[in-house]
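Take a look at the sequence and the structure below. Keep both in view as you read.

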Amino acid sequence: QVELVESGGGLVHEGGSLRLSCAASGVIPRFRGMGWYRQAPGQQRELIATITNDGDTYLVDTVKGRFTISADNAKNTIYLQMNDLRPMDTAVYYCNGIDASYYTYWGKGTQVTVSS
């Protein structure tokens, strides 16, 4: 059984930075890729960034130039470096992993709050 645990969220002022981590533990499959999503109050969960097991990355336009996704395969961990944070970035941030069968695992999320 795989568990994904996010950490690093918190309260930050506009323009500040946070680094989120997502650590996988348990019987870890070979993920096709992993990603970060976020869900603001009253909104649908939206994709923010992905990274494949080959290291290819994708960032949604609204965070390009501000956020960076990376992975440390030795630690079974992915990261989301978030700079120049804005109030619109306030949300619960979730990580996920997709295995070879396209089964998706989710973490429980970490809250990010950006004050103006």
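The model is a predicted one. It holds 1 disulfide and 5 salt bridges. Its largest nonpolar core has 28 residues.

**The nonpolar core**

- Seven residues of the largest core touch the most other members: Leu4, Trp36, Ile48, Phe67, Leu80, Met82 and Tyr93.
- Strand β3 gives the most, with 4 residues.
- Leu80 shows what such a position looks like. Leaving aside neighbours within four places in sequence, Leu80 is in contact with Leu18, Arg19, Leu20, Trp36, Ile48, Ala49, Phe67, Thr68, Ile69 and Tyr93.

**Leu59**

- Leu59 sits in strand β6, which covers residues 57–59.
- Is Leu59 buried or exposed? Leu59 is buried, because its relative accessible area is 15% and the cut-off for buried is under 20%.
- The C-alpha atoms of Leu59 and Ala49 are separated by 4.4 Å, although the two residues are 10 apart along the chain.
- Ala49 is also in contact with Leu59, as are Ile48, Lys64, Phe67 and Ile69, with neighbours within four places in sequence left aside.

**The disulfide**

- Which residues form the disulfide? Cys22 and Cys95 do, with their sulfur atoms 1.9 Å apart.
- Cys22 belongs to strand β3 and Cys95 to strand β9, so the link ties together parts that are 73 residues apart in sequence.
- The link of Cys22 and Cys95 is right-handed, with 45 degrees about the S-S bond.
- Cys22 and Cys95 are both buried.

**Salt bridges**

- Arg38, Glu46, Arg66 and Asp89 are joined in a network of salt bridges.
- Within it, Asp89 pairs with Arg38, and their closest N and O atoms are 2.9 Å apart.
- Asp89 lies in the loop between β8 and β9 and Arg38 in strand β4, so this pair connects parts that are 51 residues apart in sequence.
- Asp89 and Arg38 are both buried.
- Asp89 also forms a salt bridge with Arg66, where the closest N and O atoms are 2.7 Å apart.
- Arg66 lies in the loop between β6 and β7, and Asp89 in the loop between β8 and β9, so this pair ties together parts that are 23 residues apart in sequence.
- Arg66 is buried, and so is Asp89.
- Asp61 forms a salt bridge with Lys64, with the closest N and O atoms 3.2 Å apart.
- Asp61 is exposed, because its relative accessible area is 59% and the cut-off for exposed is over 50%.
- Lys64 is partly exposed, with a relative accessible area of 49%.

**A buried charge: Asp99**

- Where does Asp99 lie? Asp99 is in the loop between β9 (91–98) and β10 (104–106).
- Asp99 is buried yet has no salt bridge.
- The nearest side chain of opposite charge is that of Arg32, 6.1 Å away.
- The side chain of Asp99 does make a polar contact with the side chain of Tyr105, at 3.3 Å.
- With neighbours within four places in sequence left aside, Asp99 is in contact with Pro29, Arg30, Phe31, Arg32 and Tyr105.

- Most residues other than glycine have a negative phi.
- Asn76 is not a glycine, yet has a positive phi of about 50 degrees.
- Asn76 is in the loop between β7 and β8. Asn76 is partly exposed, with a relative accessible area of 34%.
- Asp84 also has a positive phi of about 50 degrees, and is not a glycine.
- Asp84 is placed in the loop between β8 and β9. Asp84 counts as partly exposed, at 38% relative accessibility.

Conventions:
Residues are numbered from 1 along each chain as its sequence is written. This is a predicted model: local features need pLDDT of at least 70, side-chain atom pairs count only at pLDDT 80 or more; totals for chains, interfaces and linings use all residues. Side-chain values use heavy atoms; hydrogens and water are left out. Helices (H or I, at least four residues) and strands (E, at least two) are DSSP runs, numbered from the N terminus. Buried means under 20% relative accessible area, exposed over 50%, partly exposed in between (1.4 Å probe, protein chains only). Lys and Arg count as positive and Asp and Glu as negative; His and the chain ends are not counted. A salt bridge is a side-chain nitrogen of Lys or Arg within 4 Å of a carboxyl oxygen of Asp or Glu. A polar contact is a pair of N or O atoms within 3.5 Å; within protein, one must be able to donate a hydrogen and the other to accept it, and residues adjacent in sequence count only if both atoms are side-chain atoms. Contact means heavy atoms within 4.5 Å. A nonpolar core is a set of buried Ala, Val, Leu, Ile, Met, Phe, Trp, Tyr and Cys residues joined through side-chain atoms within 4.5 Å. A disulfide is a pair of cysteine sulfur atoms within 2.5 Å.
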